[in-house]
Amino acid sequence: MAEFFTYPLREMKITQNYKGTTSHLPHTTGSPKDYPIDDGGKNTGKDPIYATCDLVVRRVYTAGTNTIWVRTAEKVKIANGKTDYVVMMLIHPDNEDFTKLKVGATFKKGSIICFEGSDGATANHIHIAVGLGDLKGNGWVQNSKGKWVLSTTGGTIKPEKCFYIDREFTNVRSMGGIAFKDMPKYTTGTYRATANVNVRKGAGTNYKAKTFKQLTTNAQSKILKLTGGEEANGYVKGLTFTVSKIKNNWGKTPSGWVCLDYAEKIK
């Protein structure tokens, strides 16, 4: 199952969005274009940039302003609802981050890719641009406004259409005027009931709860095994079930809709 592609800093403080007049506007108004953001982290120091999923180093550039290209090792779920490979271009790390960096190396989920830096800049920050697919050519191209922009086989994408925000990982100080989506709390998969829970005809308590006889024969069989032969109206604690669709904190199961606040995901 594909992972969600989430923001790579623990402190989000976007100091310039992709429409920024300081330096980014030519990126978005030229042809071709990308949609860069600058993040300054929690303070003037050098915050780490994390791999929030497994990433592969695709290119390293140090002949000018230091730049790293990484691509997701597998396809990931992105904030526009699609699933694809994502390329992330990181600009301005300082030289010490490049001493052991090699093309083809893998950053495992949770590891540090690099830190904010000031190579080619006046203050510590990280310049981030994202695109889909893989590197196109050497990963960037100079556009009609003279800016070097990210170049990928699937095209560049706005950051808010790509990154989810995992609130358990990232503290949001400033989104820089961009509306990012929070990572969904629940996803499809296999769950186990942590308490006795009603199964309803729709996603909400306004829908009528189903009786034992209205559940699937498979659910009935599981309930009888867990209760020692006693019928129950709904899923009993410990029963496992699959969720094929999510609506807020409700999951659609073969028997009906269940509030997932009373369940834990096991697969």
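Let me begin with a definition: a residue is called buried when its relative accessible area is under 20%, exposed when that area is over 50%, and partly exposed in between, using a 1.4 Å probe and protein chains only. Please keep in mind that this is a predicted model, where local features need pLDDT of at least 70 and side-chain atom pairs count only at pLDDT 80 or more, while totals for chains, interfaces and linings use all residues. Residues are numbered from 1 along each chain as its sequence is written, and side-chain values use heavy atoms, with hydrogens and water left out.

I will start with the aromatic rings. A pair of aromatic rings is described by the distance of the centres and the angle of the planes. Here, rings of Phe, Tyr and Trp (its six-membered ring) pair if their centres lie within 6.5 Å, and planes under 30 degrees apart count as stacked, over 60 as edge-to-face and the rest as tilted. Helices (H or I, at least four residues) and strands (E, at least two) are DSSP runs, numbered from the N terminus. Both Trp69 and Trp140 are buried. Elsewhere, Phe5, Tyr7, Phe163 and Phe180 form one aromatic cluster.

Arg10 lies over the face of Tyr50, at 5.3 Å from the ring centre, and Arg71 lies over the face of Tyr85, at 4.8 Å from the ring centre.

Next, which order do the strands of the open sheet follow? The order is S19-S18-S23, with 3 strands and antiparallel pairing, where two strands pair if DSSP finds at least two bridges between them. Strand S19 (240-243) and strand S23 (263-265) each have a single partner strand and stand at the edges, so one side of each is left without a neighbour in the sheet. Strand S18 (residues 189-193) pairs with S19 over 4 bridges, and Gly189 has Val243 in S19 as its bridge partner.

Thr187 lies in the loop between strand S17 (181-182) and S18, and this residue counts as buried because its relative accessibility is 15%. Its side chain is joined to that of Lys265 by a polar contact of 2.3 Å, a polar contact being a pair of N or O atoms within 3.5 Å, where within protein one must be able to donate a hydrogen and the other to accept it, and residues adjacent in sequence count only if both atoms are side-chain atoms.

Finally, we turn to the backbone. Most residues other than glycine have a negative phi, and most peptide bonds are trans. Ser31 and Pro32, however, are joined by a cis peptide bond with omega of about -10°. His92 has a positive phi, near 95°, and lies in the loop between strand S8 (86-91) and strand S9 (106-107). Asn248 also has a positive phi, near 55°.

Methods:
Lys NZ or Arg CZ within 6 Å of the ring centre and 35° of its normal.
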